Amino acid sequence: MTSKEKEYFLNAGFTKEQIEEIAKGKEAGIQTALYANKNFLPIQMRQIRIGLMEGLSVQIYAKPEFDWFQMEEIRLGLKSGVDVSRYAQAQIPYEKMRQMRKGLEAGINLQSYLKLDAGIIRQLRKGRVAGINLLKYINEGYDAEQLNEIRYSLENNINIEPYLQKEYRAPSITQISKGIARGVD
């Protein structure tokens with residue numbers, strides 16, 4: 001980027017960090033017009049620049065309403081070839097987007113569970129990947145940490161079901177699981 005171009009962007013109100021992202025794009029030979037926008041934070045610009053450098057169609061997330069974490073999840077989904085339109089919505093927090101992306105990468109559509117906490121969606125996804133259905137426990141109101149311990153027990157063929165109570169915190173469930181695994185009555 002020439003000093004004249006830098007001066008142009010400075011006079012237009014861009015920050016030095018934004019100008020650096022534009023300069024990196026120009027050096028890489030990509031079209032910076034998609035992100036040379038004062039409404040983008042430099043870190044948002046970086047996600048768009050990386051996507052362009054990876055040859056992705058970034059128009060779906062090159063929008064100021066997405067924070068950079070959301071942009072990253074959409075970019076990673078595009079890169080892995082999943083249908084990002086299922087979660088590329090500004091009102092979906094990035095943590096939920098991440099679980100949607102990872103689920104889609106594993107062939108699991110978690111879209112109908114977006115009303116749940118991201119941690120619960122994570123455990124649901126991990127359970128489905130392992131062939132374990134945690135919906136019963138989710139419907140009973142177990143939290144993400146409890147679900148993690150239940151999932152771990154079930155993955156390891158530990159019959160924790162008779163000993164579960166929703167009031168038990170995750171560390172208690174861990175101890176019960178360890179006891180069962182060791183044959184403690």
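This is a predicted model: local features need pLDDT of at least 70, side-chain atom pairs count only at pLDDT 80 or more; totals for chains, interfaces and linings use all residues.

Visitor: How are the axes of helix α6 and helix α8 oriented where they come within 9 Å?

Guide: Two packed helices are described by the angle between their axes and the distance between the axes. Helix α6 covers residues 118-129 and helix α8 covers residues 144-155; their axes come within 9 Å and cross at roughly 10°. Angles under 35 degrees count as roughly parallel. The orientation of α6 to α8 is therefore roughly parallel.

Visitor: Into how many nonpolar, polar and charged residues does the contact of α6 with α8 divide?

Guide: On the α6 side, the contact is made by Gly119, Ile120, Gln123, Lys126 and Gly127. Helix α8 contributes Ala144, Leu147, Asn148, Arg151 and Glu155. Gly counts among the polar residues in this classification. The contact accordingly divides into three nonpolar, four polar and three charged residues.

Visitor: Is serine 153 buried or exposed?

Guide: Serine 153 lies in helix α8. Leaving aside neighbours within four places in sequence, serine 153 is in contact with Ile158, Ile160 and Ser177. Its relative accessible area is 0%, and the limit for a buried residue is under 20%. Serine 153 is therefore buried.

Visitor: Which residues does methionine 71 touch, not counting residues up to four places away in sequence?

Guide: Methionine 71 is found in helix α4, residues 68-80. At 0% relative accessibility, methionine 71 counts as buried. With residues up to four places away in sequence not counted, the residues it touches are Phe40, Gln44, Gln47, Ile48, Tyr61, Lys63 and Phe66.

Visitor: How far apart in space are methionine 71 and arginine 46, C-alpha to C-alpha?

Guide: In sequence, methionine 71 and arginine 46 are 25 residues apart. In space, the C-alpha to C-alpha separation of the two is 9.7 Å.

Visitor: What is the geometry of the pair formed by the rings of tyrosine 137 and tyrosine 142?

Guide: Tyrosine 137 is buried at a relative accessible area of 6%, and tyrosine 142 is buried at 4%. Their ring centres are 6.0 Å apart and the ring planes lie at 70°. Planes over 60 degrees apart count as edge-to-face. The pair is therefore edge-to-face.

Visitor: Which residues form one aromatic cluster?

Guide: A search of the whole structure finds five aromatic pairs. Rings pair if their centres lie within 6.5 Å. One aromatic cluster is formed by Tyr8, Phe9 and Phe14.

Conventions:
Residues are numbered from 1 along each chain as its sequence is written. Side-chain values use heavy atoms; hydrogens and water are left out. Axes are lines fitted to C-alpha atoms, for helices over the stretch in contact, and angles run from 0 to 180 degrees between N-to-C directions. Helices (H or I, at least four residues) and strands (E, at least two) are DSSP runs, numbered from the N terminus. Angles under 35 degrees count as roughly parallel, over 145 as roughly antiparallel, 65 to 115 as roughly perpendicular and the rest as oblique. Contact means heavy atoms within 4.5 Å. Buried means under 20% relative accessible area, exposed over 50%, partly exposed in between (1.4 Å probe, protein chains only). Rings of Phe, Tyr and Trp (its six-membered ring) pair if their centres lie within 6.5 Å; planes under 30 degrees apart count as stacked, over 60 as edge-to-face and the rest as tilted.
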